[in-house]
There are 2 protein chains.
Amino acid sequence: MIVVRTVADLRAALRERRGGSIALVPTMGALHEGHATLLRAARRTDDTVVMTIFVNPAQFNEKSDLAAYPRTEEADLALADSEGVDVVFAPDVSEVYPEGFATTVSVSGPIAETLEGAERGRAHFDGVATVVTKLLLAALPDHAYFGAKDAQQVAVIRRFVADLGIPVDLVICPTSRDADGLARSSRNTRLSPDERARALAIPHALQEVTDAVAAGTADTDALRSRALKTLGAAGIRPEYVAFVDPITFAPAAVVDEPVLVAIAARVGSTRLIDNTVLGGA
Amino acid sequence: MIVVRTVADLRAALRERRGGSIALVPTMGALHEGHATLLRAARRTDDTVVMTIFVNPAQFNEKSDLAAYPRTEEADLALADSEGVDVVFAPDVSEVYPEGFATTVSVSGPIAETLEGAERGRAHFDGVATVVTKLLLAALPDHAYFGAKDAQQVAVIRRFVADLGIPVDLVICPTSRDADGLARSSRNTRLSPDERARALAIPHALQEVTDAVAAGTADTDALRSRALKTLGAAGIRPEYVAFVDPITFAPAAVVDEPVLVAIAARVGSTRLIDNTVLGGA
């Protein structure tokens, strides 16, 4: 496994590997089993696996969140190596955003402006779209792997990749969960034992909604009420419990075709998100 | 020479040509000798020459200008063929902007917000940056050719190509001029004989400013006054006579290093632009 810090070195490392397929797995480091799932999917499919580590300042709306974001490069590199990663691209901020940088890739409409876009501000998804565009163009991979946990991020990335015609196939891997059901996240390490126990109400609420749909409830107001009750019982007042079209993020009143239910909530001071698709094929 | 209408067909046509170098020459059609100059430069350098024809609605701030923009595809294809173009990519608007399209590539700062950006509105350079990104990613050329006449467009393209890391070398060709000095433009066909005679005051003013710098005048206010006098004598009140850094478009008070002097003016109802670099290496 080699570690490169510049786009030029990344491209040089990939030049002789273009005969086979190339996978890109973008991360912000602080790797956990969820990332390992993405790396394994890439390793099974592609000849060369490239993992990126970059904590992107442009997508953090809170300086405190950026400052608190865990940075564990040594452990990350060990995990990447053990999962068979070929190339790690871990640039400095100045490599990604040199002086004079002035370009933004921006997606408009509900995909980028509602839910996470509304809670975290417009700059969040602009930051995601800009940096993911840069990573995709730096590596020009055949496949890029993302986790379904960040459902709205996935929708934004699908949108600008299609709109700009970036030549890559996106591979969306199911949300990885701990044995108790909590979606894996680098931010979970910030939860106290009590907060972690209460946070389980989030996957529980998603499961209850899934079961209710299977039992015949289609009205999303009724489903939302049920989720809010479960969350409330754990002392959680969510930022949103949203039912939307998984591609356009237009609100869904009824589960008559696949509907994404997405929850965002603070547990203590830690912001968590989770989601599942209802009525999916 | 083949003509393709979709990105998929363009990529298929280029797949077997990637062993050699590929040139992209983006145009809005209505080809004239200025475009031919770009095509010849590409033909001399690259193994495959791709020309695009696309009148990009997103970059027109005036619907009347878009409607009046000359469309001469048959003649354009004949010229391209005679200049040895290999592939013409001439997509419909729906191929470039399909339903649901929601992505913008945007450059901020003086490069995009002053002069043409101020006169034509922010959407103009957003439209340019978005469509040129799409054309570059569709063809993934080794070289892309643009004319120096659109100096600010060139600066915007340089900026986002560098910022996003689009893997292409830009080749900027000198402004092509008719024998009388008028910069070639598809819009020149709209000028009446009298307007065309008056329009020559624009290149004359640029030449006077160049001569004045050679004779020792460095103060850009003095140079601007001289240009305004020449333009005024021809009945032309320009939108701007600007002296700026050619890369950042920051205003320049003195010509002590290369300074771009750019003029925009309406002659009759036709908007013309022209420029030259002063004190260049």
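I take helices (H or I, at least four residues) and strands (E, at least two) as DSSP runs, numbered from the N terminus.

I am looking at a predicted model, where local features need pLDDT of at least 70, side-chain atom pairs count only at pLDDT 80 or more, and totals for chains, interfaces and linings use all residues. Residues are numbered from 1 along each chain as its sequence is written, chains are lettered from A and ligands numbered from 1 in the order in which they are written, and side-chain values use heavy atoms, with hydrogens and water left out.

**Helix H9, chain B.** I started with B:Ala155. It sits in helix H9 of chain B, residues 151-164. Is B:Ala155 buried or exposed? I take buried as under 20% relative accessible area, exposed as over 50%, and partly exposed as in between (1.4 Å probe, protein chains only). B:Ala155 has 4% relative accessibility, so it counts as buried. Next I looked up its contacts, meaning heavy atoms within 4.5 Å. Setting aside neighbours within four places in sequence, B:Ala155 contacts B:Ile111, B:Pro246, B:Ile247 and B:Phe249. B:Ile111 is 44 residues from B:Ala155 in sequence, yet their C-alpha atoms are 6.5 Å apart.

**Helix H9, chain A.** I then turned to A:Val156, in helix H9 (residues 151-164) of chain A. A:Val156 is buried, at 0% relative accessible area. Which residues does A:Val156 touch, not counting those up to four places away in sequence? I found A:Val107, A:Ile111, A:Ala112, A:Phe125 and A:Ala129. I also checked A:Ile247. It is 91 residues from A:Val156 in sequence and 8.8 Å away in space, C-alpha to C-alpha.

**Chain A overall.** I listed twelve helices and ten strands in chain A. Its radius of gyration is 19 Å, close to the 19 Å that the globule rule gives for 281 residues, so chain A is as compact as a globular protein of that length. That radius is taken over C-alpha atoms, and the rule is 2.2 Å times the number of residues to the power 0.38. The C-alpha trace spans about 55 × 40 × 40 Å along its principal axes. Of the 281 residues in chain A, 54% are buried. I looked at contacts between residues at least 6 apart in sequence: 72% of them join residues at least 24 apart.

**Cysteines.** A:Cys173 is buried, with a relative accessible area of 6%. B:Cys173 is buried too, at 7%.
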